[in-house]
Amino acid sequence: MEAFKEAWLAIDRLGRGYITSDDLNVYMRKQNYDESFVRKWQKLFDPDNTGVIQLDAFCDVLGLNAREIQEQARSNAASSNSLPDDVVVISGDMGLEWQVRVVNIVKEALRECAKMSDVPKQAKTNLDRQCNQLWHVIIAQGQFWCYYGHEPAYSLVFQIGKQVFIVFKTPEY
């Protein structure tokens with residue numbers, strides 16, 4: 001059972017409490033597993049074929065303690081509280097913990113999406129789901145100028161490679 005627990009923690013690096021079929025596919029490719037890996041996990045842990053495996057369902061099937069795994073996942077996510085070396089922060093008023101969280105979600109979208117044009121939608125959807133609404137994600141390349149309003153402490157402009165990511169949250173009214 002330890003191997004399943006380690007796999008969950010490797011897939012749910014942000015401690016969300018769920019994994020998607022996209023997460024499984026990324027993990028499968030990273031581990032060089034056969035494509036049957038995803039089908040087997042979906043059959044075992046997502047019998048309704050929703051495309052999402054909840055931690056509770058995963059633990060029920062395997063007889064594992066969901067609270068213990070969730071705490072470890074969140075602890076792992078919190079302990080990786082520094083930005084990756086390839087990230088250059090340009091501006092923003094977001095605290096480091098939030099910067100790490102946002103950058104991880106954007107990098108996850110970069111890994112999952114085949115086309116760069118799909119990355120903003122994927123990142124925005126994940127930010128809205130994981131960090132409450134209403135997030136905006138813009139990708140620029142080359143020179144750009146922008147001016148926008150945002151919720152205080154929820155703005156980050158950073159660069160990865162040639163792309164500049166403008167990520168901000170607007171207040172809920």
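This is a predicted model: local features need pLDDT of at least 70, side-chain atom pairs count only at pLDDT 80 or more; totals for chains, interfaces and linings use all residues.
View 1. Residues are numbered from 1 along each chain as its sequence is written, and side-chain values use heavy atoms, with hydrogens and water left out. The side chain of Lys-107 meets that of Asp-86 in a salt bridge (2.8 Å, N to O), a term that stands for a side-chain nitrogen of Lys or Arg within 4 Å of a carboxyl oxygen of Asp or Glu. The two residues are 21 apart and link distant parts of the chain: Asp-86 sits in the loop between H5 and strand E3 (87-92), and Lys-107 in helix H6. Helices (H or I, at least four residues) and strands (E, at least two) are DSSP runs, numbered from the N terminus. Asp-86 counts as partly exposed because its relative accessibility is 37%.

**View 2. Lys-5 and Glu-68, joined by a salt bridge.** Take a look at the side chains here: they meet at 3.0 Å, N to O. Lys-5 belongs to helix H1 and Glu-68 to helix H5 (residues 66-79), so this pair too links distant parts of the chain, 63 residues apart. With 11% relative accessibility, Lys-5 counts as buried, whereas Glu-68 is partly exposed at 41%.

**View 3. Lys-124 and Asp-128 within helix H7.** Both residues lie in this helix (residues 119-131), four residues apart, about one turn. An α-helix has 3.6 residues a turn, so residues three or four places apart point the same way. The side chains of Lys-124 and Asp-128 meet in a salt bridge of 2.3 Å, N to O. Lys-124 is partly exposed, with a relative accessible area of 24%, and Asp-128 is buried at 13%. The salt bridge count comes to three.

View 4. At 4% relative accessibility, Ser-155 counts as buried. Its side chain makes a polar contact with the side chain of Tyr-148 at 2.7 Å. A polar contact is a pair of N or O atoms within 3.5 Å; within protein, one must be able to donate a hydrogen and the other to accept it, and residues adjacent in sequence count only if both atoms are side-chain atoms. Leaving aside residues up to four places away in sequence, Ser-155 touches Gly-92, Asp-93, Met-94, Tyr-148, His-150, Val-167 and Phe-168; contact means heavy atoms within 4.5 Å.

**View 5. Helix H2 (residues 21-31) and what covers it.** Which residues of H2 are buried? They are Asp-23, Leu-24, Val-26, Tyr-27 and Met-28. The cover over these buried residues includes helix H1 (2-11), strand E1 (18-20), helix H3 (36-45), strand E2 (52-54) and helix H6 (96-112). Just after H2, Asn-32 takes a positive phi of about 60°.

View 6. Seven residues of domain 1 are in contact with seven of domain 2. The count between the two domains is zero salt bridges.

Technical notes:
Buried means under 20% relative accessible area, exposed over 50%, partly exposed in between (1.4 Å probe, protein chains only).
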